[in-house]
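These are my notebook entries on what I looked up in the structure. I took the contacts of one residue first, and then the chain as a whole.

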Amino acid sequence: MGNTRPERQAPLARSRYVAAARRFVRAYATLLARGVPIDPGRDVKVRDWTAVDVAVLRELHEALGQMLDARREWDGLRRHR
């Protein structure tokens with residue numbers, strides 16, 4: 001953020017958070033739509049994860065991390081006004 005004026009940092013951080021939150025929601029919706037098995041339940045036979053399932057899980061993981069980082073940045077800027 002180096003050269004960004006202080007009065008613009010919080011709105012930009014909010015925009016980054018909103019974008020990250022939307023990415024997370026899309027990734028989570030994809031996970032649900034694919035029916036990726038998370039809880040094996042009591043069944044002995046559990047569906048293996050496919051390469052696509054793993055890619056969906058990795059996207060969800062990355063999106064969650066990005067959302068958390070963006071929210072912490074935005075919260076920090078709002079507290080220091």
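I counted a contact where heavy atoms lie within 4.5 Å. On that basis, and not counting residues up to four places away in sequence, R47 touches R34, G35, V36, P37 and D53.

I noted the basis of the entries next. The model is predicted, so that local features need pLDDT of at least 70 and side-chain atom pairs count only at pLDDT 80 or more, while totals for chains, interfaces and linings use all residues. Residues are numbered from 1 along each chain as its sequence is written, and side-chain values use heavy atoms, with hydrogens and water left out.

**Entry: R47.** I located R47 in the loop between α1 (6-34) and α2. Helices here are DSSP runs (H or I, at least four residues), strands are runs of E (at least two), and both are numbered from the N terminus. I looked up polar contacts, meaning pairs of N or O atoms within 3.5 Å; within protein, one must be able to donate a hydrogen and the other to accept it, and residues adjacent in sequence count only if both atoms are side-chain atoms. The side chain of R47 makes such a contact with the side chain of D53, at 2.9 Å. The R47 side chain also reaches the backbone oxygen of G35 at 3.1 Å.

Is R47 buried or exposed, or in between? I used under 20% relative accessible area for buried, over 50% for exposed, and partly exposed in between (1.4 Å probe, protein chains only). R47 counts as partly exposed because its relative accessibility is 39%.

I also checked a separation: R47 and R78 are 31 residues apart in sequence, and their C-alpha atoms are 45 Å apart in space.

**Entry: D75.** I found D75 in helix α2 (residues 51-79). D75 counts as buried because its relative accessible area is 15%. Its side chain is joined to that of R71 by a polar contact of 2.8 Å.

**Entry: the whole protein.** I recorded two helices and zero strands. The C-alpha atoms fill a box of roughly 55 × 20 × 20 Å along the principal axes. The radius of gyration, taken over C-alpha atoms, is 18 Å, whereas a compact globule of 81 residues would have one near 12 Å by the rule of 2.2 Å times the number of residues to the power 0.38. Buried residues make up 27% of the 81. Among contacts between residues at least 6 apart in sequence, 63% join residues at least 24 apart.
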